[in-house]
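Please keep the sequence and the 3D view open while reading, and look up each residue as it is named.

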Amino acid sequence: MNKECPECGSKIIGRADKKFCSDACRNAHNNALNKDRKNLVRNINNRLRKNYRILETLNTKDKTKVTKERLLRMGFNFKFFTGQYITKTGTIYYYVYDQGYLPLEKDWYLLVKTELQL
């Protein structure tokens, strides 16, 4: 029985349960299948990484006040964060890993850093 490689169409030689003619074809096939999902995850991770670098750059003393304009000018995107912390009074801190920010009055933000407990 002659089997063909689903990636390149060449004849498969070897074990009876072999599906691809080579590792290169197997990798190319699997990469093509997962391309869309990987791109989504990659884009989100890149956005989170950029937000983290911005917060880390601005927050050198573990607590800093900055304007919304400055964050936006540096490319910060408020839609991407990894978690929230809600205090007993209902105040919401937004976090990108261990770097957080708290919206204050008149377009000011308090940047904070917490120690992660792994």
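With which residue does Asp23 form a salt bridge? The partner of Asp23 is Arg26, and the closest N and O atoms of the two are 3.1 Å apart. A salt bridge is counted here when a side-chain nitrogen of Lys or Arg lies within 4 Å of a carboxyl oxygen of Asp or Glu. Side chains of opposite charge can pair when their charged atoms come close.

Asp23 and Arg26 are separated by about one helical turn, because they are three residues apart in helix 1, which covers residues 23-58. Asp23 counts as exposed at 52% relative accessibility, whereas Arg26, at 33%, counts as partly exposed; these words follow the relative accessible area, with buried meaning under 20%, exposed over 50% and partly exposed in between, for a 1.4 Å probe and with protein chains only.

## How the model is to be read

This is a predicted model, in which local features need pLDDT of at least 70 and side-chain atom pairs count only at pLDDT 80 or more, while totals for chains, interfaces and linings use all residues. Residues are numbered from 1 along each chain as its sequence is written, and side-chain values use heavy atoms, with hydrogens and water left out.

## The overall form

The secondary structure comes to two helices and five strands, and along the sequence these follow the pattern α-β-α-β-β-β-β. Helices (H or I, at least four residues) and strands (E, at least two) are DSSP runs, numbered from the N terminus. The radius of gyration of the protein is 24 Å, well over the 13 Å that the globule rule gives for 118 residues, so the protein is more spread out than a compact globule. That radius is taken over C-alpha atoms, and the rule is 2.2 Å times the number of residues to the power 0.38. Taken along the principal axes, the C-alpha atoms fill a box of roughly 75 × 30 × 25 Å.

Of the 118 residues in the protein, 25% are buried. The protein exposes about 8900 Å², of which carbon and sulfur atoms supply 51%; accessible areas come from the Shrake-Rupley method with a 1.4 Å probe, and for residues only the protein chains shown count as cover. The C-alpha atoms of Thr60 and Asp36 are separated by 37 Å, the two residues being 24 apart along the chain.

## The sheet

In what order do the five strands of the open sheet stand? The order is 1-5-4-3-2, with antiparallel pairing, where two strands pair if DSSP finds at least two bridges between them. Strand 1 (63-67) and strand 2 (83-86) stand at the edges with a single partner strand each, so one side of each is left without a neighbour in the sheet.

Strand 1 is joined to strand 5 (residues 108-113) by five bridges, and the two run antiparallel. Within this pairing, Thr64 stands opposite Leu111, and the bridge partner of Lys65 is Leu110. Thr64 and Val66 make up the covered face of strand 1, while Lys63, Lys65 and Thr67 make up the uncovered one.

Tyr94 is found in strand 3, residues 92-96. Leaving aside neighbours within four places in sequence, Tyr94 is in contact (heavy atoms within 4.5 Å) with several residues, including Phe81, Gly83, Tyr101 and Pro103. The C-alpha atoms of Tyr94 and Leu111 are separated by 9.6 Å, although the residues are 17 apart along the chain.

## Further salt bridges

The structure holds four salt bridges. In one of them, Arg73 pairs with Glu69, the closest N and O atoms being 3.8 Å apart. Arg73 and Glu69 are four residues apart in helix 2 (residues 68-73), and therefore separated by about one helical turn; both are exposed.

Another joins the side chains of Asp98 and Lys113, at 4.0 Å from N to O. Asp98 lies in the loop between strand 3 and strand 4 (99-103) and Lys113 in strand 5, so the pair ties together parts that are 15 residues apart in sequence. Asp98 is buried, with a relative accessible area of 10%, whereas Lys113, at 35% relative accessibility, counts as partly exposed.
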